[in-house]
Amino acid sequence: MKRHANQGAAIHAVGDASRGPCRAVGAWLLLLATALNWPGPATGAASPSNPAPEAAPAKGDAPKPDAVKTMLARLAEERLGVKIRAVRLSAAGFMLDLRYRVLDADKAAPMLDRKIQPYLLDSRGARLGVPASPKVGALRSTRRGGEILMDRDYSMLFGNPGRYLKQGSKITLVVGEQKIENLTIE
């Protein structure tokens, strides 16, 4: 049987093209494996669109959940200079997406410092961190020598191996020495 000269080249070209998608799938699997090995999910704090009444609760009454969320949000704003916008499940539940807005650049500097490694704690003591891949780096916003822009949303992704944390889970964000407690995953 006689082969045409271009026939072998066509087979070779198809073989090379089929490796491209395999490499892409391999890269995604590497990223997923990295995310699964890192600690990690978090959620958002109080909703700024539903402010709680400022009046103190009557004697014997428990504080309303909205009032507690508002108080926790104010503490986060005072300590870290950021307003937590939301903590949501992402990547089919394998990642947690934390969104925040910078209100005070000086106080928010640790949130954007590459040397400080933020992480999330849940009530059972699990520690979930920000995954970092070799090519992309840490999955979070940093300033990289630039200035911190006010009134701009920034983000961090935390790994959630095995979908450990679910919607409604309570978590604590730890950034350096500062903590923001009782964040709820949306």
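Here are a few worked exercises on the strands of this structure.

This is a predicted model, so local features need pLDDT of at least 70 and side-chain atom pairs count only at pLDDT 80 or more, while totals for chains, interfaces and linings use all residues. Residues are numbered from 1 along each chain as its sequence is written, and side-chain values use heavy atoms, with hydrogens and water left out.

**Exercise 1.** Work out which strands stand at the edges of the open sheet of four strands.

Start with the terms: strands are DSSP runs (E, at least two residues), numbered from the N terminus, and two of them pair if DSSP finds at least two bridges between them. Next, write down the order, β4-β3-β8-β9, with antiparallel pairing. β4 (127-129) and β9 (178-184) each have a single partner strand, so one side of each is left without a neighbour in the sheet. From one strand to the next, the twist averages 25° (axes are lines fitted to C-alpha atoms, and angles run from 0 to 180 degrees between N-to-C directions).

**Exercise 2.** Find how many bridges join β3 to β4.

Take β3 at residues 119-122: three bridges tie it to β4, antiparallel. Across from L121 you'll find R127 in β4.

**Exercise 3.** Trace the partners of β2 and say how covered this strand is.

First, β1 (residues 82-90) joins β2 through eight antiparallel bridges, with R88 partnered by D97. Their hairpin has four residues between the strands, and A91 takes a positive phi near 55°. Then go to β7 (residues 153-159), joined to β2 by seven bridges, also antiparallel; here Y100 stands opposite Y154. Finally, check the cover: six of the eight residues of β2 (95-102) are buried, meaning under 20% relative accessible area (1.4 Å probe, protein chains only).

Key. Buried means under 20% relative accessible area, exposed over 50%, partly exposed in between (1.4 Å probe, protein chains only).
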